Amino acid sequence: MIFVLFAISVIVFLIFNVIPNGSPALRICGKNCNAALLHQIKIDFGFNDPIYVQYFTMMKQIFTGTLVSYNSQLNVLDQIKQGIPITFSLCIGAVFIWMTFAVFLGYVSAIKPGSFRDRAITVVTAIGISMPSFFLGALLLYYLTSKTSIFPPGGYVGFLSNPLDWAYHLILPWFTLAFLFIGIYCRLLRSNMLDVMNEDYVRTARAKGLTERQVRIRHVLRNSMVPIVTLFGLDVGALIGGGAIIIEFVYNLPGVGDYAATSISNLDLPPIMAITLFGAFFIVLFNAFVDIAYAYLDPRVRLGESAEGAV
Amino acid sequence: MSPAPKLLEVDDLRVKFLTEDGMLTAVDGVSFELDTGEVLAIVGESGCGKSVTSQTMMGLTRSPNARIEGSVKYKSEELLDAPDEVLHRIRGEELAMIFQDPISALNPVYKVGAQIVEAIQAHEDVSDEIAKRRATELMAEVGIPDPARRVDEYPHEFSGGMRQRAMIAMALALEPNVLIADEPTTALDVTIQAQILRLLKRLNEDRGLAVIMVTHDLGVVADIADRVLVMYAGRVVESGSLDQIFYDPQHPYTWGLIGSITRLDRPPTHRLAQIKGQPPSLIGLPAGCHFRPRCPHAFDRCTEPPGLEVRGGGAGHEDRCWLSAEKKKTLRVVEGDIGLEAPAA
């Protein structure tokens with residue numbers, strides 16, 4: 001895990017130094033720049049040091065919490081900390097919505113493939129998969145806030161200050177974010193379930209007299225969830241790590257993704273670096289959760305048990 | 001009082017599948033009866049319709065393209081168009097089934113004991129502890145060592161033979177009257193096969209469990225069956241008692257099956273006999289006898305469909321072959337005593 005994070009940080013750092021982004025010192029220097037100021041900035045920020053020294057300086061600053069942005073001179077970790085609750089709120093709600101809908105719709109459409117319900121769900125999920133979230137976000141904002149004022153036009157209200165208002169402000173972002181994932185997960189679950197339905201153990205389950213619903217839930221759905229969990233871990237990790245850039249931007253939520261977007265457009269290395277590591281950390285963390293969940297969902301992958309016991 | 005109904009009566013069962021290439025006839029008018037405590041073997045090559053027959057009896061042929069006709073009666077209760085509630089009760093409680101490959105027939109994510117408990121609780125409202133105790137007892141009865149520990153293990157921790165025993169334990173959970181065993185020993189080692197067959201035989205004798213044994217292996221049949229149905233291309237081509245089939249086989253296809261058994265009590269021939277050709281496609285079967293294209297003794301009359309009736313055999317020994325009884329005898333004597341027949345030149 002540590003090695004993964006190290007490798008990611010090195011790669012991001014190198015990429016940033018290779019791309020033609022102009023000198024950060026020049027941008028920090030601003031409009032009224034002169035040679036003396038530029039020289040001073042280069043010394044202050046260590047831009048004259050060898051690249052590996054610059055790398056280690058930055059890593060040290062990240063882990064001591066002293067990293068500051070090139071552009072705004074604000075402490076990067078403080079900025080991320082401010083964004084975390086917003087991004088978490090966005091993700092938790094969206095995850096809840098997308099898993100509920102995806103499992104329900106996937107299950108319903110797998111019951112009778114080719115039926116009207118299945119086709120209707122297929123159309124909706126195809127729209128969800130193919131519609132860009134900024135477009136969906138813009139549509140929802142236009143019709144539900146500008147035209148009818150049912151929902152507020154974005155912004156964030158802290159959960160602790162007013163939970164109802166918190167949810168009210170987040171409903172549109174949740175659904176916008178969830179819509180894509182509902183599509184993907186629903187399709188995936190449907191095809192998994194159709195595969196599993198042909199398994200011999202499903203026939204066994206029917207042969208012992210279980211009802212069709214018991215067969216579907218205990219045997220088909222249960223066994224179809226294993227691949228879903230893999231994808232789920234990766235997606236949630238990426239989202240919490242600032243992956244919901246567009247949604248946060250469209251709905252004016254100053255979360256981690258929004259901070260990442262601003263930093264990238266400013267070619268501001270310190271926040272990019274910190275957010276990348278932050279995101280990578282969550283992806284790796286959720287991968288570990290996935291492994292644990294796997295052992296629960298599929299006993300065959302439990303370590304150390306496979307060899308024992310076979311007679 | 002009318003005579004007691006048979007335990008299981010299958011009458012003119014037909015199963016067709018609508019495929020892209022046309023109508024596929026998997027089972028073409030199969031009829032048989034099963035008495036309490038009887039062991040009936042259904043024998044035939046892959047694709048002869050024996051598995052489809054057995055699964056259709058349980059209502060497990062579920063393809064939307066399947067067309068099922070005929071009648072399957074359990075204690076005079078029709079099963080083919082029975083409502084789901086009836087099927088759910090009958091399955092497990094009256095008719096139970098075990099399958100060819102026990103590793104894929106058990107759900108890999110549940111403990112073996114839990115899967116037996118599930119079968120019990122699907123039919124009876126009993127507590128988890130009682131159901132689990134019964135599962136443990138059943139596992140002991142089918143010869144799984146250390147059942148108290150094994151009940152909490154997963155299928156992948158069992159060996160092939162133990163898995164099939166666990167399947168049998170699950171099938172016995174509700175004390176059914178009929179066990180349908182669909183190639184129960186095909187995926188197992190020969191030594192394990194014998195153990196499983198002995199187990200089935202013991203259950204048949206101790207519990208009076210009627211068994212329908214579906215297999216392609218006549219050797220398996222010889223050990224335990226009372227009666228044998230030989231199927232070819234969806235039809236029963238010969239039916240009779242075990243002795244009739246083995247010592248007085250009437251149909252050339254049965255001769256071929258018997259001929260391809262390795263005999264240790266006879267001097268080895270230069271090579272093992274085989275039935276020439278492939279099992280036919282079940283789409284657009286030839287009129288007349290389906291075995292005709294592969295039969296070394298086919299003659300003009302074989303283009304007419306032969307009915308299943310007593311021809312050359314003893315009482316209750318039916319077959320579908322136009323050859324006269326004398327001709328059959330001579331042909332069977334040509335090489336070996338039971339109808340080992342070299343293809344006619």
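Student: At what angle do α12 and α13 of chain A pack?

Tutor: This is a predicted model, so every value here is computed from it. In chain A, helix α12 (residues 256-265) packs on helix α13 (residues 269-297) at about 145 degrees. Their axes are 9 Å apart.

Student: Is the crossing of α12(A) and α13(A) left-handed or right-handed?

Tutor: That crossing is left-handed.

Student: Which residues meet there, α12(A) against α13(A)?

Tutor: From α12(A) come A:Val256, A:Tyr259, A:Ala260, A:Ser263 and A:Ile264. From α13(A) come A:Pro271, A:Ile272, A:Ile275 and A:Phe278. By class, the contact of α12(A) with α13(A) has eight nonpolar residues, one polar and no charged.

Student: Stepping back, how many helices and strands are in chain A?

Tutor: Chain A has 13 helices and zero strands. Its C-alpha atoms fill a box of roughly 85 × 65 × 35 Å along the principal axes.

Student: Now α5(A) and α10(A). How far apart are their axes?

Tutor: The axes of α5 (residues 76-111) and α10 (residues 212-243) of chain A lie 11 Å apart, and the angle is about 155 degrees. That makes α5(A) roughly antiparallel to α10(A).

Student: Which residues of α5(A) meet α10(A)?

Tutor: On the α5(A) side, they are A:Thr87, A:Phe88, A:Cys91, A:Val95, A:Tyr107 and A:Ile111. They meet A:Arg216, A:Leu221, A:Val236, A:Leu239, A:Ile240 and A:Gly242 in α10(A). The contact of α5(A) with α10(A) has nine nonpolar residues, two polar and one charged.

Student: What about α5(A) with α8(A): how do the axes cross?

Tutor: At roughly 35 degrees, and the axes of α5(A) and α8(A) come within 6 Å. The crossing of α5(A) and α8(A) is right-handed. Their contact has 23 nonpolar residues, four polar and one charged.

Student: What does α8(A) span between its end C-alpha atoms?

Tutor: Helix α8 (residues 163-197) of chain A spans only 42 Å. A straight helix of 35 residues would span 51 Å at 1.5 Å a residue.

Student: Where is the kink in α8(A)?

Tutor: At A:Leu170, shortly before the proline A:Pro173. The kink in α8(A) is about 45 degrees.

Student: Last topic, the other chain. How many residues does the contact take from chain A and from chain B?

Tutor: It takes 23 residues from chain A and 27 residues from chain B.

Student: Which element gives the largest share of the side of chain A that touches chain B?

Tutor: That is α9(A), with six residues. Both α9 (200-207) and α10 of chain A supply at least two residues each.

Student: What classes are on the side of chain A that touches chain B?

Tutor: That side has seven nonpolar, seven polar and nine charged residues.

Terms used: Residues numbered from 1 in each chain as written. Chains lettered and ligands numbered in written order. Predicted model: local features only at pLDDT ≥ 70, side-chain atom pairs only at ≥ 80, totals over all residues. Axes fitted to C-alpha atoms, helices over the stretch in contact; angles between N-to-C directions. Helix = DSSP H or I, 4+ residues; strand = E, 2+ residues; numbered from the N terminus. Parallel < 35°, antiparallel > 145°, perpendicular 65-115°, else oblique. Contact = placed C-beta atoms within 7 Å. Nonpolar A, V, L, I, M, F, W, Y, C, P; charged D, E, K, R; others polar. Expected span 1.5 Å × (residues − 1). Bend = angle between axes of the 7 residues up to and from the residue. Left-handed = near helix turned anticlockwise from the far one by under 90°.
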